[in-house]
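This briefing goes through a structure by topic. Please have the sequence and the coordinates open while reading.

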Amino acid sequence: MGLELYLDLLSQPCRALYIFARSNNIPFEFKHVELMKGQHRTEEFRKVNILMKVPTLRDGSFTLAESIAILLYLARKFKTPDHWYPSDLQKRARVDEYLSWQHVNIRGKGSKLFLTKVLLPLLTGQPLPPEKLEGVTEELNVVLKQFEEKFLQDKPFIAGSEISLADLVALVELMQPVGAGYDLFEERPKLAEWRRRVEEAVGKQLFQEAHEGILNAKNLTADKIAPELLEHLKHQLLKQASQN
Amino acid sequence: MRGGSGRAGGGRAAAASPRAGSGRAEPGRVGPGRAGPGGGSRMGLELYLDLLSQPCRSIYIFARSNNIPFEFKHVELFKDSVLGKKPAAGSGAEQPRAGPSNSEGAGKVSLLKKVPALKDGDFTLAECTAILLYLSRKYNTPDHWYPSDIQKRAQVDEYLSWHHANIRANAPKTMWIKVLIPLFTGQPLPSEKLQEVMEGLSTSLKQFEERFLQDKAFIIGSEISLADLVAIVELMQPVGVGCDIFEDRPRLMEWRRRVEDAVGKELFFQAHEMILNIKELSNIQIDPQLKEHLAPMLMKMLK
């Protein structure tokens with residue numbers, strides 16, 4: 001039994017992993033866990049990962065959650081090119097810095113926008129109040145500004161002249177609001193340029209393939225969501241959408 | 001299970017031991033002089049810290065426990081950090097979420113505005129995890145802190161990642177709700193909000209025990225690592241404000257004792273002196289400008 005990656009490409013961290021593994025020709029078995037069908041909440045999957053989240057890695061008897069941990073594990077095990085996680089102490093620190101900051105910032109706000117815009121109306125059957133959308137959009141705009149000013153600056157990539165895990169993790173997260181219909185690249189030329197560079201570095205076709213699902217997210221309808229999941233999601237989302 | 005090659009005994013540290021509550025400590029040298037990579041008359045490592053902040057405590061304990069020489073640059077969160085910020089729309093909203101130690105990023109950093117921050121010559125760095133890893137690599141700390149075994153290392157990475165949206169999502173809020181909000185807004189303690197936070201924290205603690213700690217002595221097994229350190233300082237926040245999450249959790253309490261022993265009890269308590277005496281904060285003269293600046297974002301938290 002080789003390496004198994006439990007993924008759903010609707011999930012940003014799953015896309016980062018998928019792209020990284022494919023881009024580096026890392027052999028793995030794609031185990032599809034369909035979030036909308038509630039497959040992550042089955043007893044079967046719970047045996048794989050007690051946290052019931054994707055992505056999950058299984059390598060023999062070793063299981064691992066959290067995309068960043070998995071990305072680093074793969075980089076080390078398969079000795080991927082240095083630029084992904086540079087051995088230079090300071091460059092590496094820059095990557096670590098972004099990977100840490102992004103949890104509550106880009107990832108936090110990007111997810112929130114997607115959940116609020118796409119899933120919440122679907123689950124509650126209520127239209128989304130415009131002020132609510134404005135609020136989450138503004139929060140995302142603030143972190144986008146911080147991203148450009150502090151992390152990207154005038155460099156081609158976050159760590160300097162070459163792509164690293166930081167760029168990949170950043171871009172897949174930014175595609176989530178895009179999937180929700182907020183084209184945040186439209187009026188941000190520097191960011192759009194960076195996006196193009198990242199896509200080219202990993203391979204445009206691979207990038208597009210990985211994002212096919214999320215870019216059709218607007219076509220999601222309530223009937224595509226498993227009923228058992230509906231209640232659980234509703235409760236979770238209402239809670240999340242009201243949190244800072 | 002000792003962490004680090006020899007412990008810096010807490011009380012004997014040089015001038016820079018921060019004092020609880022009362023005002024700023026003089027920044028000064030901590031650790032055995034300028035031994036180590038910084039050497040000679042060149043400016044050495046600077047760590048910008050406020051021990052009220054959980055991430056700052058993990059860095060402080062790690063550096064002291066490993067005898068890493070650094071200059072302690074004391075930043076007072078409720079003065080230097082918040083007031084120094086430009087009140088940009090929404091940026092204030094960041095603070096309640098992650099607690100006051102949200103760090104500004106790379107490149108040119110207004111170091112005195114957010115903590116923790118590291119300055120090593122021209123190189124500046126924010127974000128606790130990044131700083132801990134940088135220090136462990138630069139100063140070649142003992143292997144167990146960030147094991148070279150890729151599976152054990154992955155376990156540390158896994159915890160450090162999960163921590164952000166889980167333990168760290170709720171633990172800091174206990175301080176905001178029990179101490180800071182009443183202090184800054186004059187509003188009484190919102191008990192339903194606290195209950196919500198404690199429930200969230202409970203869920204995270206359950207997952208922590210089931211997934212990360214299990215029946216092991218420490219997260220990676222028989223030795224302490226960065227993961228335990230980052231976890232424990234966060235969990236001391238609710239303890240400091242009177243929500244003792246260890247009370248009904250004997251396994252966690254045992255783990256806590258082991259972590260304290262591994263880093264050195266004296267050092268651990270010195271680092272936690274401020275948060276464990278948080279009531280002294282209520283005696284601090286709150287700058288009215290600060291109160292005004294913080295009140296709206298705190299009221300938002302109350303919703």
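What share of the contacts in chain B with a separation of 6 or more comes from residues 24 or more positions apart? In this predicted model, such residues account for 73% of those contacts.

**Chain B overall**
- Chain B contains five strands and 12 helices.
- Among its 303 residues, 61% count as buried.

**Helices H5 and H6 of chain B**
- Two packed helices are described by the distance between their axes and by the angle between them.
- For H5(B), residues 150–165, and H6(B), residues 167–185, the axes come within 3 Å and the crossing angle is roughly 50°.
- On the H5(B) side the contact involves Tyr159(B), Trp162(B), His163(B), His164(B) and Ala165(B), and on the H6(B) side Ile167(B), Arg168(B) and Ala169(B).
- By class, the residues of this contact are five nonpolar, two polar and one charged.

**Cysteines**
- A disulfide is a covalent bond between the sulfur atoms of two cysteines.
- Over all chains, the search of the whole structure finds zero disulfides.
- Cys128(B) takes part in no disulfide, and the nearest cysteine sulfur, belonging to Cys56(B), lies 8.0 Å away.
- Cys128(B) has a relative accessibility of 12% and so counts as buried, the cut-off being under 20%.
- Cys243(B) is buried as well, at a relative accessible area of 8%.

**Helix H1 of chain A**
- H1(A) covers residues 12–23, and its 12 residues reach 16 Å from first to last C-alpha, close to the 16 Å expected at 1.5 Å a residue.
- Because 10 of the 12 residues are buried, H1(A) is largely enclosed by the rest of the structure.
- The buried residues of H1(A) include Cys14(A), Arg15(A), Leu17(A), Tyr18(A), Ile19(A) and Phe20(A).

**Helix H4 of chain A**
- H4(A), residues 89–101, should span 18 Å for 13 residues at 1.5 Å a residue, which agrees with the 18 Å between its end C-alpha atoms.
- H4(A) is mostly covered, with 10 of its 13 residues buried.
- Among the buried residues of H4(A) are Arg92(A), Arg94(A), Asp96(A) and Glu97(A), along with Val95(A), Leu99(A) and Trp101(A).

Methods
Residues numbered from 1 in each chain as written. Chains lettered and ligands numbered in written order. Predicted model: local features only at pLDDT ≥ 70, side-chain atom pairs only at ≥ 80, totals over all residues. Heavy atoms only, no water. Axes fitted to C-alpha atoms, helices over the stretch in contact; angles between N-to-C directions. Helix = DSSP H or I, 4+ residues; strand = E, 2+ residues; numbered from the N terminus. Contact = heavy atoms within 4.5 Å. Nonpolar A, V, L, I, M, F, W, Y, C, P; charged D, E, K, R; others polar. Disulfide = S-S within 2.5 Å. Buried < 20%, exposed > 50% of the residue type's maximum accessible area, 1.4 Å probe, protein only. Expected span 1.5 Å × (residues − 1).
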